[in-house]
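Dear colleague,

Please find below the structure that I am handing over to you. My notes on what was found in it follow directly after.

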Amino acid sequence: MTKKYRLKDIEEKVDRDKTTLIRWEKAGLIPRAQRDSRGWRWYTGKQVNEIVRKILATNYFRENPGESNA
């Protein structure tokens, strides 16, 4: 059985609140969560690692790869 991680688990790693993570998800900046039978969001360990890496690599999405600052 795959361990399920909640938004709270990601919040603690990136020091952002739940509403920010949900906004990033809706904007397509992070992968969409899966939902359980209650509708609660959950992620796999692989997804959590990908999300955290992506957030930190883009300085919390302040840097947009491919865009010019000139």
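Asp17 is partly exposed, because its relative accessible area is 41%; buried means under 20%, exposed over 50% and partly exposed in between, with a 1.4 Å probe and protein chains only. Asp17 sits in the loop between H1 and H2. From Asp17 to Ala27 there are 10 residues in sequence and 16 Å in space, C-alpha to C-alpha.

Please note that this is a predicted model, in which local features need pLDDT of at least 70, side-chain atom pairs count only at pLDDT 80 or more, and totals for chains, interfaces and linings use all residues. Residues are numbered from 1 along each chain as its sequence is written, and side-chain values use heavy atoms, with hydrogens and water left out.

Overall architecture

The protein has three helices and two strands, in the order α-α-β-β-α from the N terminus. Helices (H or I, at least four residues) and strands (E, at least two) are DSSP runs, numbered from the N terminus. Along the principal axes, the C-alpha atoms fill a box of roughly 50 × 20 × 20 Å. Of the 70 residues in the protein, 33% are buried.

Helix H2

Which residues of H2 are buried? They are Thr20, Leu21, Ile22, Trp24 and Glu25. These buried residues pack against H1, S2 and helix H3 (45-57), where contact means heavy atoms within 4.5 Å. After H2 comes Gly28, with a positive phi near 80 degrees.

The largest pocket

The largest pocket holds about 260 Å³ of space. Its lining is formed by Lys4, Arg6, Leu7, Lys8, Lys18, Ile22, Asp36, Arg38, Trp40, Arg41 and Trp42. Helix H1 (7-14), helix H2 (18-26) and strand S2 (41-42) are the elements that give two or more residues to this lining. A pocket is an open set of points on a 1 Å grid over the protein atoms alone, where a 1.4 Å probe fits, with protein on both sides within 12 Å along at least five of seven lines; lining residues have an atom within 4 Å of a point. Grid points are joined across faces, edges and corners, and the volume is the space filled by probe spheres set on the points.

Yours sincerely
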